[in-house]
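Please read it with the viewer open.

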Amino acid sequence: GSSLEPEERSMEPPAAPPEKEEEEEEMPLTAAPGPGGCQLFGYVGIEAVLDQMKIKTMKMGFEFNIMVVGQSGLGKSTMVNTLFKSKVSRKASRPGREERIPKTVQLHSVTHVIEEKGVKMKLTVTDTPGFGDQINNENCWDPIIKYINEQYERYLREEILITRKRNIPDTRVHGCIYFIPPTGHWLRPLDLEFMQRLSKIVNVVPVIAKADSLTLEEQAEFKQRIQEDLKTHAISVYPQEDFDQDLDDRALNDRIREKIPFAVVGADQEHQVNGKRVLGRKTKWGIIEVENPAHCEFPLLRDLLIRSHLQDLKDITHNVHYESYRVRRLNESNGP
(Lines give C-alpha, C1' and ligand atoms only; values in the text may rest on other atoms or scores of the structure.)
Protein backbone atom coordinates (compact mmCIF):
# COMPACT_ATOMS: atom_id res chain seq x y z
CA GLY A 1 0.00 0.00 0.00
CA SER A 2 0.95 3.63 -0.28
CA SER A 3 1.70 5.78 2.72
CA LEU A 4 -0.35 8.95 3.39
CA GLU A 5 2.58 10.68 5.10
CA PRO A 6 4.46 13.24 3.06
CA GLU A 7 7.79 12.09 1.69
CA GLU A 8 10.97 13.65 2.96
CA ARG A 9 12.96 15.22 0.15
CA SER A 10 16.59 15.91 0.58
CA MET A 11 17.96 19.24 -0.66
CA GLU A 12 21.21 17.63 -1.93
CA PRO A 13 21.55 17.25 -5.64
CA PRO A 14 21.19 13.72 -6.94
CA ALA A 15 24.38 11.76 -7.23
CA ALA A 16 25.82 11.50 -10.69
CA PRO A 17 25.99 8.07 -12.23
CA PRO A 18 29.39 6.41 -12.02
CA GLU A 19 31.66 7.32 -14.93
CA LYS A 20 32.76 4.59 -17.28
CA GLU A 21 36.42 3.86 -17.12
CA GLU A 22 36.68 3.53 -20.89
CA GLU A 23 34.26 4.85 -23.47
CA GLU A 24 33.06 2.19 -25.85
CA GLU A 25 33.76 3.04 -29.49
CA GLU A 26 31.03 2.42 -32.03
CA MET A 27 32.10 -0.21 -34.51
CA PRO A 28 31.25 0.56 -38.15
CA LEU A 29 29.29 -1.90 -40.24
CA THR A 30 32.00 -2.14 -42.87
CA ALA A 31 34.76 -4.64 -42.57
CA ALA A 32 38.41 -3.77 -42.42
CA PRO A 33 39.76 -2.30 -45.64
CA GLY A 34 41.56 -4.73 -47.86
CA PRO A 35 44.55 -4.20 -50.13
CA GLY A 36 42.38 -2.79 -52.93
CA GLY A 37 40.59 -0.21 -50.73
CA CYS A 38 37.56 -0.33 -48.42
CA GLN A 39 35.57 -3.49 -48.96
CA LEU A 40 31.95 -3.49 -47.84
CA PHE A 41 31.18 -7.14 -47.37
CA GLY A 42 34.26 -8.96 -48.57
CA TYR A 43 34.98 -10.80 -51.80
CA VAL A 44 32.75 -10.13 -54.82
CA GLY A 45 34.65 -11.59 -57.77
CA ILE A 46 35.00 -8.71 -60.16
CA GLU A 47 38.31 -10.02 -61.51
CA ALA A 48 36.37 -12.93 -63.03
CA VAL A 49 35.63 -10.54 -65.91
CA LEU A 50 39.17 -11.16 -67.11
CA ASP A 51 38.51 -14.88 -67.30
CA GLN A 52 35.29 -14.25 -69.20
CA MET A 53 37.08 -11.99 -71.70
CA LYS A 54 39.84 -14.58 -72.10
CA ILE A 55 37.38 -17.41 -72.80
CA LYS A 56 35.39 -15.32 -75.26
CA THR A 57 38.49 -14.11 -77.07
CA MET A 58 39.90 -17.62 -77.33
CA LYS A 59 36.65 -18.78 -78.93
CA MET A 60 36.71 -15.93 -81.45
CA GLY A 61 40.43 -16.15 -82.16
CA PHE A 62 42.86 -13.46 -83.25
CA GLU A 63 43.69 -11.86 -86.58
CA PHE A 64 47.17 -10.57 -87.31
CA ASN A 65 48.43 -9.34 -90.68
CA ILE A 66 52.04 -8.50 -91.43
CA MET A 67 53.86 -7.41 -94.57
CA VAL A 68 57.49 -8.07 -95.43
CA VAL A 69 59.24 -5.67 -97.81
CA GLY A 70 62.76 -5.85 -99.18
CA GLN A 71 64.94 -6.85 -102.08
CA SER A 72 65.15 -10.41 -103.26
CA GLY A 73 67.66 -12.58 -101.45
CA LEU A 74 67.45 -10.89 -98.05
CA GLY A 75 65.71 -13.86 -96.39
CA LYS A 76 62.19 -12.49 -95.98
CA SER A 77 60.45 -15.86 -96.31
CA THR A 78 62.95 -17.58 -94.04
CA MET A 79 62.57 -14.86 -91.44
CA VAL A 80 58.78 -15.19 -91.34
CA ASN A 81 59.03 -18.99 -91.06
CA THR A 82 61.51 -18.58 -88.21
CA LEU A 83 59.30 -16.01 -86.51
CA PHE A 84 56.33 -18.38 -86.19
CA LYS A 85 58.27 -21.67 -86.31
CA SER A 86 56.14 -22.97 -89.14
CA LYS A 87 55.98 -22.84 -92.93
CA VAL A 88 53.77 -19.77 -93.21
CA SER A 89 55.55 -18.17 -96.16
CA ARG A 90 55.62 -19.97 -99.47
CA LYS A 91 58.76 -20.06 -101.55
CA ALA A 92 58.73 -20.41 -105.29
CA SER A 93 59.82 -23.90 -106.30
CA ARG A 94 62.72 -23.20 -108.66
CA PRO A 95 61.09 -20.63 -110.92
CA GLY A 96 62.30 -20.15 -114.44
CA ARG A 97 64.95 -17.62 -115.31
CA GLU A 98 62.34 -15.24 -116.69
CA GLU A 99 60.24 -15.38 -113.52
CA ARG A 100 62.97 -14.82 -110.96
CA ILE A 101 62.76 -11.02 -111.02
CA PRO A 102 59.23 -9.71 -111.65
CA LYS A 103 58.97 -6.76 -113.97
CA THR A 104 56.78 -4.89 -111.47
CA VAL A 105 56.17 -5.13 -107.75
CA GLN A 106 53.70 -7.94 -107.08
CA LEU A 107 51.98 -8.73 -103.81
CA HIS A 108 51.33 -12.29 -102.65
CA SER A 109 49.27 -12.94 -99.51
CA VAL A 110 49.22 -16.27 -97.70
CA THR A 111 46.83 -16.95 -94.82
CA HIS A 112 47.31 -19.64 -92.17
CA VAL A 113 45.60 -20.53 -88.91
CA ILE A 114 48.17 -21.12 -86.17
CA GLU A 115 47.17 -22.72 -82.88
CA GLU A 116 49.28 -22.76 -79.73
CA LYS A 117 48.02 -23.86 -76.29
CA GLY A 118 44.41 -23.49 -77.34
CA VAL A 119 44.86 -20.00 -78.79
CA LYS A 120 44.07 -19.68 -82.51
CA MET A 121 45.46 -16.90 -84.64
CA LYS A 122 44.61 -16.24 -88.27
CA LEU A 123 47.93 -15.04 -89.68
CA THR A 124 48.23 -13.36 -93.07
CA VAL A 125 51.70 -12.75 -94.52
CA THR A 126 51.98 -10.44 -97.52
CA ASP A 127 55.19 -10.65 -99.54
CA THR A 128 56.32 -8.03 -102.06
CA PRO A 129 58.53 -9.74 -104.67
CA GLY A 130 60.11 -7.36 -107.13
CA PHE A 131 60.55 -4.45 -104.71
CA GLY A 132 63.87 -2.70 -105.31
CA ASP A 133 65.08 -5.26 -107.86
CA GLN A 134 64.86 -3.06 -110.93
CA ILE A 135 67.40 -0.62 -112.33
CA ASN A 136 64.76 2.11 -112.21
CA ASN A 137 62.89 1.80 -108.90
CA GLU A 138 60.86 4.98 -109.32
CA ASN A 139 57.45 4.75 -107.61
CA CYS A 140 57.98 1.08 -106.76
CA TRP A 141 56.18 1.71 -103.46
CA ASP A 142 52.91 2.69 -105.17
CA PRO A 143 51.52 -0.91 -105.34
CA ILE A 144 52.26 -1.34 -101.63
CA ILE A 145 50.54 1.91 -100.67
CA LYS A 146 47.60 0.98 -102.90
CA TYR A 147 47.25 -2.43 -101.25
CA ILE A 148 47.31 -0.98 -97.72
CA ASN A 149 44.70 1.63 -98.58
CA GLU A 150 42.53 -1.00 -100.26
CA GLN A 151 42.39 -2.95 -97.00
CA TYR A 152 41.37 0.20 -95.14
CA GLU A 153 38.70 0.86 -97.76
CA ARG A 154 37.38 -2.70 -97.48
CA TYR A 155 37.07 -2.40 -93.71
CA LEU A 156 35.42 1.03 -94.02
CA ARG A 157 32.78 -0.24 -96.45
CA GLU A 158 31.86 -3.05 -94.08
CA GLU A 159 31.73 -0.66 -91.15
CA ILE A 160 29.35 1.93 -92.67
CA LEU A 161 26.76 -0.61 -93.80
CA ILE A 162 23.33 -0.32 -92.21
CA THR A 163 23.24 -4.04 -91.43
CA ARG A 164 26.86 -4.85 -90.85
CA LYS A 165 28.48 -8.02 -89.66
CA ARG A 166 28.97 -8.65 -86.00
CA ASN A 167 32.65 -9.36 -86.51
CA ILE A 168 34.07 -7.46 -89.46
CA PRO A 169 36.89 -9.40 -91.17
CA ASP A 170 40.11 -7.52 -90.49
CA THR A 171 42.51 -7.60 -93.44
CA ARG A 172 44.31 -4.37 -92.54
CA VAL A 173 48.11 -4.54 -92.37
CA HIS A 174 49.10 -4.27 -88.71
CA GLY A 175 52.85 -4.20 -89.20
CA CYS A 176 55.37 -3.87 -92.02
CA ILE A 177 58.83 -5.40 -91.57
CA TYR A 178 61.27 -3.55 -93.80
CA PHE A 179 64.51 -5.40 -94.60
CA ILE A 180 67.60 -3.22 -94.96
CA PRO A 181 70.53 -4.73 -96.92
CA PRO A 182 73.63 -5.28 -94.71
CA THR A 183 75.83 -2.82 -96.61
CA GLY A 184 77.36 -1.23 -93.52
CA HIS A 185 76.95 2.25 -95.05
CA TRP A 186 74.16 4.81 -94.90
CA LEU A 187 70.56 4.18 -95.84
CA ARG A 188 69.85 4.26 -99.55
CA PRO A 189 67.51 6.89 -101.02
CA LEU A 190 65.07 4.05 -101.75
CA ASP A 191 64.99 3.07 -98.07
CA LEU A 192 64.45 6.65 -96.93
CA GLU A 193 61.71 7.35 -99.45
CA PHE A 194 59.88 4.12 -98.66
CA MET A 195 59.89 4.61 -94.90
CA GLN A 196 58.92 8.26 -95.22
CA ARG A 197 55.82 7.35 -97.21
CA LEU A 198 54.82 4.11 -95.49
CA SER A 199 55.36 5.20 -91.87
CA LYS A 200 52.40 7.59 -92.24
CA ILE A 201 49.90 4.84 -93.03
CA VAL A 202 51.28 1.68 -91.36
CA ASN A 203 53.56 0.58 -88.52
CA VAL A 204 57.04 0.13 -90.00
CA VAL A 205 59.65 -1.98 -88.17
CA PRO A 206 63.09 -1.77 -89.86
CA VAL A 207 65.52 -4.69 -89.52
CA ILE A 208 69.04 -5.35 -90.81
CA ALA A 209 68.81 -8.54 -92.85
CA LYS A 210 71.47 -11.24 -92.73
CA ALA A 211 73.30 -9.51 -89.91
CA ASP A 212 75.76 -12.40 -89.63
CA SER A 213 77.60 -10.91 -92.63
CA LEU A 214 78.66 -7.95 -90.44
CA THR A 215 80.99 -7.92 -87.47
CA LEU A 216 79.76 -6.64 -84.11
CA GLU A 217 81.60 -3.35 -84.62
CA GLU A 218 80.13 -2.93 -88.09
CA GLN A 219 76.64 -3.68 -86.77
CA ALA A 220 76.93 -1.03 -84.04
CA GLU A 221 78.25 1.58 -86.47
CA PHE A 222 75.62 0.75 -89.10
CA LYS A 223 72.85 1.00 -86.49
CA GLN A 224 74.07 4.40 -85.36
CA ARG A 225 74.11 5.69 -88.93
CA ILE A 226 70.60 4.40 -89.58
CA GLN A 227 69.28 6.03 -86.40
CA GLU A 228 70.86 9.32 -87.46
CA ASP A 229 69.25 9.04 -90.89
CA LEU A 230 65.83 8.35 -89.38
CA LYS A 231 66.16 11.32 -87.06
CA THR A 232 67.44 13.65 -89.78
CA HIS A 233 64.60 12.85 -92.16
CA ALA A 234 61.94 12.83 -89.39
CA ILE A 235 60.91 9.22 -90.05
CA SER A 236 58.80 7.80 -87.22
CA VAL A 237 59.10 4.01 -87.07
CA TYR A 238 57.37 1.71 -84.62
CA PRO A 239 57.14 2.14 -81.64
CA GLN A 240 56.34 5.83 -82.12
CA GLU A 241 57.10 8.22 -79.28
CA ASP A 242 53.82 10.09 -79.76
CA PHE A 243 51.73 7.04 -78.82
CA ASP A 244 53.34 6.12 -75.48
CA GLN A 245 50.47 6.07 -72.99
CA ASP A 246 52.25 6.14 -69.62
CA LEU A 247 55.70 6.18 -68.05
CA ASP A 248 56.01 2.39 -68.02
CA ASP A 249 55.27 2.16 -71.74
CA ARG A 250 57.70 4.97 -72.47
CA ALA A 251 60.48 3.29 -70.48
CA LEU A 252 59.92 -0.03 -72.28
CA ASN A 253 59.67 1.57 -75.72
CA ASP A 254 62.76 3.69 -75.12
CA ARG A 255 64.77 0.51 -74.58
CA ILE A 256 63.33 -0.90 -77.81
CA ARG A 257 64.03 2.29 -79.76
CA GLU A 258 67.67 2.09 -78.74
CA LYS A 259 67.95 -1.31 -80.47
CA ILE A 260 66.12 -0.37 -83.69
CA PRO A 261 66.86 -1.46 -86.37
CA PHE A 262 67.20 -5.04 -85.16
CA ALA A 263 70.13 -7.00 -86.54
CA VAL A 264 68.45 -10.32 -87.31
CA VAL A 265 69.38 -13.71 -88.75
CA GLY A 266 66.79 -16.16 -90.05
CA ALA A 267 67.09 -19.94 -90.26
CA ASP A 268 64.60 -22.76 -90.73
CA GLN A 269 66.93 -25.69 -90.03
CA GLU A 270 67.74 -27.26 -86.67
CA HIS A 271 71.21 -28.26 -85.51
CA GLN A 272 72.59 -30.13 -82.53
CA VAL A 273 74.38 -27.83 -80.04
CA ASN A 274 75.44 -29.16 -76.63
CA GLY A 275 72.81 -31.88 -76.77
CA LYS A 276 70.00 -29.49 -77.72
CA ARG A 277 68.21 -28.90 -80.99
CA VAL A 278 68.43 -25.23 -81.92
CA LEU A 279 67.54 -23.15 -84.96
CA GLY A 280 70.63 -21.76 -86.60
CA ARG A 281 72.95 -21.35 -89.57
CA LYS A 282 75.94 -23.66 -89.84
CA THR A 283 79.24 -22.14 -90.94
CA LYS A 284 82.86 -23.26 -90.96
CA TRP A 285 83.45 -21.44 -87.69
CA GLY A 286 80.44 -22.77 -85.83
CA ILE A 287 76.67 -22.46 -85.64
CA ILE A 288 74.92 -19.11 -85.42
CA GLU A 289 72.01 -19.65 -83.04
CA VAL A 290 69.02 -17.61 -84.14
CA GLU A 291 67.34 -17.54 -80.72
CA ASN A 292 70.53 -16.68 -78.81
CA PRO A 293 70.62 -12.94 -77.90
CA ALA A 294 74.42 -13.07 -77.91
CA HIS A 295 74.43 -14.03 -81.62
CA CYS A 296 71.68 -11.82 -83.07
CA GLU A 297 68.67 -9.71 -82.10
CA PHE A 298 66.01 -11.99 -83.52
CA PRO A 299 64.55 -12.69 -80.01
CA LEU A 300 63.98 -8.95 -79.58
CA LEU A 301 62.06 -8.81 -82.86
CA ARG A 302 59.90 -11.78 -81.86
CA ASP A 303 59.16 -10.28 -78.45
CA LEU A 304 58.18 -6.99 -80.08
CA LEU A 305 55.88 -8.46 -82.71
CA ILE A 306 54.25 -11.27 -80.72
CA ARG A 307 54.86 -11.35 -76.99
CA SER A 308 54.70 -7.70 -75.92
CA HIS A 309 53.34 -5.44 -78.67
CA LEU A 310 51.02 -7.53 -80.87
CA GLN A 311 47.85 -5.98 -79.44
CA ASP A 312 49.44 -2.53 -79.45
CA LEU A 313 50.20 -2.90 -83.16
CA LYS A 314 46.54 -3.68 -83.79
CA ASP A 315 45.33 -0.82 -81.59
CA ILE A 316 47.54 1.79 -83.29
CA THR A 317 46.48 0.49 -86.70
CA HIS A 318 42.80 0.87 -85.78
CA ASN A 319 42.91 4.05 -83.69
CA VAL A 320 45.53 6.04 -85.62
CA HIS A 321 46.22 4.90 -89.18
CA TYR A 322 42.77 3.60 -90.03
CA GLU A 323 41.12 6.51 -88.24
CA SER A 324 43.05 9.07 -90.28
CA TYR A 325 42.10 7.23 -93.47
CA ARG A 326 38.43 7.07 -92.42
CA VAL A 327 38.30 10.80 -91.65
CA ARG A 328 39.89 11.64 -94.99
CA ARG A 329 37.52 9.41 -96.97
CA LEU A 330 34.42 10.70 -95.21
CA ASN A 331 35.50 14.30 -95.77
CA GLU A 332 35.96 13.54 -99.45
CA SER A 333 32.52 11.95 -99.75
CA ASN A 334 30.82 14.83 -97.87
CA GLY A 335 32.69 17.54 -99.74
CA PRO A 336 31.26 19.60 -102.61
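1. Basis. This is a predicted model: local features need pLDDT of at least 70, side-chain atom pairs count only at pLDDT 80 or more, and totals for chains, interfaces and linings use all residues. Residues are numbered from 1 along each chain as its sequence is written, and side-chain values use heavy atoms, with hydrogens and water left out.

2. Confidence. pLDDT is the predictor's confidence in each residue, from 0 to 100. The protein chain averages 82, and 83% of the residues score at least 70. Two stretches need care. Residues 1-6 stay under 50 in pLDDT and have 0 contacts beyond four places in sequence. Residues 92-99 also stay under 50, with 1 contact beyond four places in sequence. Contact here means heavy atoms within 4.5 Å.

3. Overall make-up. The protein chain has 8 helices and 9 strands. These are DSSP runs numbered from the N terminus: helices are H or I with at least four residues, strands are E with at least two. Buried residues make up 38% of the 336 residues. Buried means under 20% relative accessible area, exposed over 50%, and partly exposed in between, with a 1.4 Å probe and protein chains only. Among contacts between residues at least 6 apart in sequence, 67% join residues at least 24 apart.

4. The sheet. Six strands form an open sheet in the order β2-β3-β1-β4-β5-β6, with mixed pairing. β2 (108-116) and β6 (262-263) stand at the edges; each has a single partner strand, so one side of each lacks a neighbour in the sheet. Strands pair if DSSP finds at least two bridges between them. β5 (residues 204-208) and β6 pair in the parallel sense over 2 bridges. Ile 208 stands opposite Ala 263 in β6. β4 and β5 are also parallel, over 5 bridges. There, Cys 176 has Val 204 of β5 as its bridge partner.

5. Strand β5. How many of the residues of β5 are buried? The count is 5 of 5. Val 204, Pro 206 and Ile 208 point one way, Val 205 and Val 207 the other, and all are buried. In a regular strand the side chains alternate between the two faces of the sheet.

6. Helix α4. Helix α4 (residues 189-198) lies across β1, β4 (175-180) and β5, running at about 170° to β4. Axes are lines fitted to C-alpha atoms, for helices over the stretch in contact, and angles run from 0 to 180 degrees between N-to-C directions. The buried residues of α4 are Leu 190, Asp 191, Leu 192, Phe 194, Met 195 and Leu 198. They pack against β1, α3, β4, β5 and α5 (216-232).

7. Helices α3 and α8. The axes of α3 and α8 come within 10 Å and cross at roughly 80°. That makes α3 roughly perpendicular to α8, a label covering 65 to 115 degrees. Residues in the contact include Asn 149, Tyr 152 and Leu 156 of α3, and Thr 317, His 321 and Tyr 325 of α8.

8. Thr 317. Thr 317 sits in helix α8 (residues 310-334). It is buried, at 1% relative accessible area. A polar atom of its side chain lies 2.7 Å from the backbone oxygen of Leu 313. Beyond four places in sequence, Thr 317 is in contact with Tyr 152, Arg 172, Val 173, His 174, Asn 203 and Tyr 322.

9. Arg 302. Where is Arg 302 found? Its place is helix α7 (residues 298-308). At 8% relative accessibility, Arg 302 counts as buried. A polar atom of its side chain lies 2.6 Å from the backbone oxygen of Thr 82. Arg 302 also touches residues including Leu 83, Lys 85 and Glu 291.

10. Backbone checks. Most residues other than glycine have a negative phi, and most peptide bonds are trans. A cis peptide bond joins Tyr 238 and Pro 239, with omega about 0°. The bond from Ile 260 to Pro 261 is cis too, omega near 0°. Pro 261 is in the loop between α6 and β6. Asn 139 has a positive phi of about 60° and is partly exposed at 37%. Asn 274 has phi near 55° and counts as exposed at 77%.

Key: A polar contact is a pair of N or O atoms within 3.5 Å; within protein, one must be able to donate a hydrogen and the other to accept it, and residues adjacent in sequence count only if both atoms are side-chain atoms. Angles under 35 degrees count as roughly parallel, over 145 as roughly antiparallel, 65 to 115 as roughly perpendicular and the rest as oblique.
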